[in-house]
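Visitor: I would like to go through a protein chain by question and answer. Please show me the sequence and the structure before we start.

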Amino acid sequence: MQARLEFRIAAVLWALSAWGASLPAATEISFRLQSAEVGFEFDSLTLGSRTEIIEQVVVNEQGQEVVIQLPGSLAFENVILTRPVDRSTAMSDWRAVLRSGDLTSAKRDFVIIVMDAEGREISRWRFNGGWPADLDIRPRPDGSYEEILTVAFDDLFRIDLSLPNQPPEISLPGSFSIAVGETAQFMVTSTDPDGDIAVLTQLIAPLGATFVDGVFTWEVPIGAIESANPVEFEADDLRGQANSLVTSSLMINVPRDLDADNMDDDWEVIWFGSIRADPDSDSDNDGISEAGEFDSGTDPTDPTSAFRIIRIGPDGEDTAIVFLAQPGIRYQLQYNDNKLDTASWQKIGLPYLHSQPGSALHMLIDDTRPPEETRFYRIEAQRR
Ligand SMILES: [Ca+2]
Ligand SMILES: [Ca+2]
Ligand SMILES: [Ca+2]
Ligand SMILES: [Ca+2]
């Protein structure tokens, strides 16, 4: 035996994430999937439930056997939706997820909203764990075609519209730091204490970031070095109330030197593909460590590219020191009249900043050397 609750309606609105435009204007019935952004009209909806009837034979006060009926477990029937066939592939796309065997991905929560002709909400039902059990196409008497979607689900409950609306909530990680060349990825979820489905939208994100099926992904480009990147999401419970919209944000910080090895992270990624370069190693065997090549602006993968003094010699009364200067590097000439005393290096003149775009030979002059005196020189290279 079956007890049946069934109602039919004129139009249903359907929505599914990442499939296009915004929700259409109010119609009589709204059918909205979790993370919904898109609306589709349906012609009809059938929703039913049945309670198992348990028959029990009892003996009454007169000693007679009578049969009484008791309610057993409640079972829900599938939701059936029909709409005219058009170019939209939304339903077949949803069905395709299931056909691929991935029930977990295909399962969505959804809401059905019943409205009157003026668009006022009459009732709202929340369904959990919906999946497209069947999708059929059949001809209509007028020669057009309609598609019939059967949605199975785990559970449903009715949302109490007499209670004041509560705002949706967004679950986000906190602000964090990441290096260039790495991928920032996290889940964003929205919930609603009333059982509303809160539609998530990404409001602010760095260029190139994606937000698909609740997953934020950003491959941090080289150019993002030393930047702070706000990311903001909005949840909308689509009740149209003052508290229906909630935003939440975090900051993705891209420091200059995340691993604090004194080599800029973009330089490490350019030469070594990641920030895992070891400052003390010398991968091109030119006698200058990666940290030294960073400081002096040379190629850490080319042994012929290394910071050296090329020539020291007289320049009239003075001494000229020649080296190959690299773009953006600052060079300070130093001297020492006692090579064994490492603490007695002295600066000569102001540092030279090589501001041209390419490398070039450069000459630094010492005009302070007393005649007949032996003098040692070195040049200190610094990136900043
Ligand atoms: Ca709400
Ligand atoms: Ca670094
Ligand atoms: Ca080297
Ligand atoms: Ca080198």
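Visitor: In which loop is the place of Asn-285?

Guide: This is a predicted model, in which local features need pLDDT of at least 70, side-chain atom pairs count only at pLDDT 80 or more, and totals for chains, interfaces and linings use all residues. Residues are numbered from 1 along each chain as its sequence is written, while chains are lettered from A and ligands numbered from 1 in the order in which they are written. Helices (H or I, at least four residues) and strands (E, at least two) are DSSP runs, numbered from the N terminus. On that numbering, Asn-285 sits in the loop between helix 3 and helix 4.

Visitor: What phi does Asn-285 have, given that it is not a glycine?

Guide: Most residues other than glycine have a negative phi. Asn-285 is not a glycine, yet its phi is positive, at about 55 degrees.

Visitor: Why does Ala-260 count as exposed?

Guide: Ala-260 belongs to the loop between strand 20 (245-254) and helix 3, and has a positive phi of about 50 degrees without being a glycine. A residue is buried if 20 or more other C-beta atoms lie within 10 Å of its own, exposed if 12 or fewer, and partly exposed in between, with C-beta atoms placed from the backbone. Ala-260 counts as exposed because its C-beta neighbours inside 10 Å number 7.

Visitor: Is Phe-216 buried or exposed?

Guide: Phe-216 is part of strand 18. Its C-beta has 21 other C-beta atoms within 10 Å, so Phe-216 is buried.

Visitor: How many Å apart in space are Phe-216 and Val-188?

Guide: Two residues are in contact if their C-beta atoms, placed from the backbone, lie within 7 Å. Not counting residues up to four places away in sequence, Phe-216 touches Gln-185, Phe-186, Val-188, Ala-209, Phe-211 and Val-231. Phe-216 and Val-188 are 28 residues apart in sequence, and their C-alpha to C-alpha distance is 7.2 Å.

Visitor: Which residue in strand 18 is the bridge partner of Gln-185?

Guide: Two strands pair if DSSP finds at least two bridges between them. Strand 14 and strand 18 (residues 215-219) are antiparallel and pair over 5 bridges. The partner of Gln-185 in strand 18 is Thr-217.

Visitor: What is the count of buried residues in strand 5?

Guide: Strand 5 (residues 49-59) runs antiparallel to strand 6 (residues 65-76), and 10 bridges join the two. The hairpin they form has 5 residues between the strands, and Gly-63 takes a positive phi near 80 degrees there. Strand 5 is hardly covered: among its 11 residues, the count of buried ones is 0.

Visitor: Which helix do the buried residues of helix 3 pack against?

Guide: Helix 3 (residues 265-272) has as its buried residues Asp-265, Asp-266, Trp-267, Glu-268 and Val-269. Just after helix 3, Gly-273 has a positive phi of about 85 degrees. The buried residues of helix 3 pack against helix 4 (290-296).

Visitor: What percentage of the residues in the protein chain is buried?

Guide: The protein chain has 4 helices and 27 strands. Of its 384 residues, the buried ones make up 26%.
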